[in-house]
Amino acid sequence: MHKPLITIVSPVYQAEKILPELVKQIHQSVSLITKDYEIVLVEDSGPDDSWKVIEKLAKDDDKIRGFRLSRNFGQHHAITCGLDQARGEWVIVMDCDLQDQPKEIIKLFEKSQEGFDVVLARREMRQDTLLKRTFSKYFYRCLGYLTGSAIDESIANFGIYNRKVIDSVIQLRESIRYFPTMIKWVGFSQTSIAVDHAPRFSGETSY
């Protein structure tokens, strides 16, 4: 089986109006690194027509592979599905709403080539609503308390991960899943870099 250099994994929920722009921007960014990449979109059985859009995008573009969960399992299970299907030597995980900006993939990849197995995107200026930032702050505080570890609330899913890191993460099959914590758990050499964080491209978050 052919193994591309880079796989981009994005969990998808209520993003039918965003997906064409997401794919366009990923192509523009990643093609500057390599022509050898794939885009894995995992639709989390949402109420809109995101899956129909993914089917059309995949039909027209052989770099795109789409998967649909049988019901709404949640973002981190959708990420797990994408990781299970990823074939790249490097795997990028990013949200679908374009707040994680594809242009930043270049910076993440370049930093990884300095010898890091994990490069996390650190959102210096979060472009979220006050309500979302407030709930996020308390969530991370509770998570840090329960896990006995320091949690950086400026870091979420967006990052680039070496194949050996992903292989370790997909061996963790717990029913309760939180991707950033699993990344921290498996270890390997990690760092973070500052990235731009954008407002949601379309619609409102339901996370």
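**Entry 1: Terms and overall layout**

I count a residue as buried when its relative accessible area is under 20%, and as exposed when this area is over 50%. I note at the outset that the model is predicted. I looked up the secondary structure and found seven helices and seven strands in the protein chain. I then read along the sequence and recorded the pattern β-α-β-α-β-α-β-α-β-α-β-α-α-β. The protein chain has 207 residues, of which 49% count as buried.

**Entry 2: Helix α2**

Which residues of helix α2 are buried? In this helix, residues 50–60, I found S50, W51, V53, I54 and L57 to be buried. These residues lie on the same side of α2, because they cover an arc of only 155° around the axis. I recalled that an α-helix has 3.6 residues a turn, so residues three or four places apart point the same way. On the face turned away from the buried side, I listed the exposed residues K52, K56, K59 and D60. I also looked up what covers the buried residues of α2, and the cover includes β1, α1, β2 and β3.

**Entry 3: The sheet**

I traced the seven strands into an open sheet with the order β3-β2-β1-β4-β6-β5-β7, and I noted that the pairing is mixed. Why is one side of β3 and of β7 left without a neighbour in the sheet? Strands β3 (64–68) and β7 (190–195) stand at the edges and have a single partner strand each, so one side of each has no neighbour there. Direction ignored, neighbouring strands of this sheet are turned by 20° against each other on average.

I next examined strand β5, residues 118–123, which runs parallel to β7 and is joined to β7 by six bridges. Within this pair, I found V118 opposite Q190 in β7. I also recorded that helix α1 (residues 19–30) lies across β1 (6–12), β2 (37–43) and β3, and that α1 runs at about 155° to β2.

**Entry 4: Residue L108**

I located L108 in helix α4, residues 105–112. Is L108 buried or exposed? L108 counts as buried because its relative accessibility is 0%. Leaving aside neighbours within four places in sequence, I listed the contacts of L108 as V119, L120, A121, F158, G159, I160 and I193. L108 and V119 are eleven residues apart along the chain, and their C-alpha atoms are separated by 6.1 Å.

**Entry 5: Contacts across the chain**

Lastly, I considered contacts in the protein chain between residues at least 6 apart in sequence, and 80% of these join residues at least 24 apart.

Note on methods:
Residues are numbered from 1 along each chain as its sequence is written. This is a predicted model: local features need pLDDT of at least 70, side-chain atom pairs count only at pLDDT 80 or more; totals for chains, interfaces and linings use all residues. Side-chain values use heavy atoms; hydrogens and water are left out. Helices (H or I, at least four residues) and strands (E, at least two) are DSSP runs, numbered from the N terminus. Buried means under 20% relative accessible area, exposed over 50%, partly exposed in between (1.4 Å probe, protein chains only). Contact means heavy atoms within 4.5 Å. Two strands pair if DSSP finds at least two bridges between them. Axes are lines fitted to C-alpha atoms, for helices over the stretch in contact, and angles run from 0 to 180 degrees between N-to-C directions. The arc is that of the directions from the helix axis to the C-beta atoms.
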